[in-house]
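Please look at the sequence and the structure shown here, and keep both at hand while reading the paragraphs that follow.

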Amino acid sequence: MQGLITKSTGSWYQVKSGDQTIDCRIKGKFRTKGITTTNPLAVGDLVDFEMEPEQDTGVVTTLHQRKNYIIRKSINLSKQAQIIAANLDMALLVVTLASPRTSLGFIDRFLVTAEAYDIPAIIVFNKLDLFSDEGLEILADCRAIYEDIGYSCYEVSALEGTHIESLQETLKDKVTLFSGHSGVGKSSLINRLLPDLDLRTHMVSEWSDKGMHTTTFAEMFDLPQGGRIIDTPGIRELGVIDIEKQELSHFFPEMRELMNQCRFNNCRHINEPGCAVLAAVEEGDIAISRYDSYLSIYNGNDTRA
Ligand SMILES: Nc1nc2c(ncn2[C@@H]2O[C@H](COP(=O)(O)OP(=O)(O)OP(=O)(O)O)[C@@H](O)[C@H]2O)c(=O)[nH]1
Ligand SMILES: [Zn+2]
């Protein structure tokens, strides 16, 4: 039987197949080429599984090839990576310019990561209800920086349910990963999008009843209009995969566009003469905040929220 992994605890996997949801273990080894992972399978994986004889549990036997996947590097020195989720169509970042304010550096880091994974990213500015007229202008300026580059932006209030419909339309029939640092309202937004609120708490208790670990990495939910979202509790940042300094500007679309116009083909866009990127910054065609983020990532500075 074929199924979709919607939740994982590390040793148990929840596999959705048709209208059924079956708790499965894995048999044998599933290796991911090129990296050592702490978890062989992740939310979003398509698998084949078999029911265990006379049990209501199953065994995963095969992993289907992944379209993409995102990882988180472990913080210790083991060099192991954790696969957070697989087969994504879109990565959504919830941010807010109200408290706790998301820094532009944090947003840019997320976008670079999504570009590196080749996963389209969208930005949702939350807590719209907290903005004064002046605040709304700042929000519009910020939004313009990202829309000019080509990223879709949404302004919502998860609290009041403002502008949720257009976001719902965008999420329709897609698999979208939700990220955001603590306090931005990611859970509130997800609860808005999933009217069946009991779903989440219900599932947790059901798993505890079976004596399974409830600390999960990520979890997938069906959207009522079609499509799915993946929540990433406790994961504040996507693991930036190793990006060569020389390649970093490829992941800033507005720089990527200009690169061929730099005088030197190995231009770092830092102080080289005839640099088209520096010229665009000067002209105001590239936002200073974006260029600052480029330098900051280039120099290996940690840009946290
Ligand atoms: N004013 C306002 N407050 C909001 C909005 N969305 C969320 N909040 C509040 O912001 C706080 C954090 O919301 P959560 O949904 O828990 O945020 P989170 O991003 O999931 O954060 P963690 O739970 O720490 O991961 C709560 O007090 C919410 O009530 C909003 O649109 N407007
Ligand atoms: Zn250059």
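His269 is found in the loop between H6 and H7, in what should be read throughout as a predicted model. The backbone of His269 has a positive phi of about 65°, although this residue is not a glycine. His269 counts as buried because it has 25 C-beta neighbours inside 10 Å, where 20 or more are needed for that label. In an unreviewed UniProt entry, His269 is listed under "binding site" together with Cys262, Cys267 and Cys275.

Leaving aside residues up to four places away in sequence, Cys275 touches Cys262, Cys267 and His269.

The domain assignment divides the protein chain into domain 1 (2-73), domain 2 (88-231) and domain 3 (245-298). The centres of domain 1 and domain 2, taken over C-alpha atoms, are separated by 25 Å, and the contact between these two domains takes ten residues from domain 1 and 13 residues from domain 2. On the side of domain 1 that touches domain 2, strand E1 (residues 2-8) provides the largest share, with three residues. By class, that side of domain 1 is made up of three nonpolar residues, six polar residues and one charged residue.

The secondary structure of the protein chain comes to eight helices and 13 strands, and of its 305 residues 36% are buried. Among the contacts between residues at least 6 apart in sequence, 65% join residues that are at least 24 apart.

Which residues are buried in helix H4? In this helix, which spans residues 186-193, they are Lys186, Leu189, Ile190, Arg192 and Leu193. Because they cover an arc of only 155° around the axis, they lie on the same side of H4. The elements that cover the buried residues of H4 include strands E8 (90-95), E9 (121-125), E11 (175-179) and E13 (228-231), along with helix H3 (164-171).

A shell of 15 residues surrounds ligand 1, and the closest of them are Leu159, Ser182, Gly185, Ser187 and Ser188. Sorted by class, this shell holds four nonpolar, eight polar and three charged residues.

Two details of the backbone remain to be pointed out. Ser99 and Pro100 are joined by a cis peptide bond, with an omega of about -10°, and Pro100 lies in the loop between E8 and helix H1 (104-117). Glu54, which is not a glycine, has a positive phi of about 55° and is found in the loop between strand E4 (46-51) and strand E5 (58-63). Glu54 has 5 C-beta neighbours inside 10 Å and therefore counts as exposed, whereas His269, with 25 such neighbours, counts as buried.

How values were computed: Residues are numbered from 1 along each chain as its sequence is written. Chains are lettered from A and ligands numbered from 1 in the order in which they are written. This is a predicted model: local features need pLDDT of at least 70, side-chain atom pairs count only at pLDDT 80 or more; totals for chains, interfaces and linings use all residues. A residue is near a molecule or strand if its C-beta atom, placed from the backbone, lies within 6 Å of it. Ala, Val, Leu, Ile, Met, Phe, Trp, Tyr, Cys and Pro count as nonpolar, Asp, Glu, Lys and Arg as charged, and the others, Gly among them, as polar. Domain bounds come from an automatic or database domain assignment. Two residues are in contact if their C-beta atoms, placed from the backbone, lie within 7 Å. Helices (H or I, at least four residues) and strands (E, at least two) are DSSP runs, numbered from the N terminus. A residue is buried if 20 or more other C-beta atoms lie within 10 Å of its own, exposed if 12 or fewer, and partly exposed in between; C-beta atoms are placed from the backbone. The arc is that of the directions from the helix axis to the C-beta atoms. UniProt positions are given in the numbering used here, feature names are shortened, and annotations may be inferred rather than shown by experiment.
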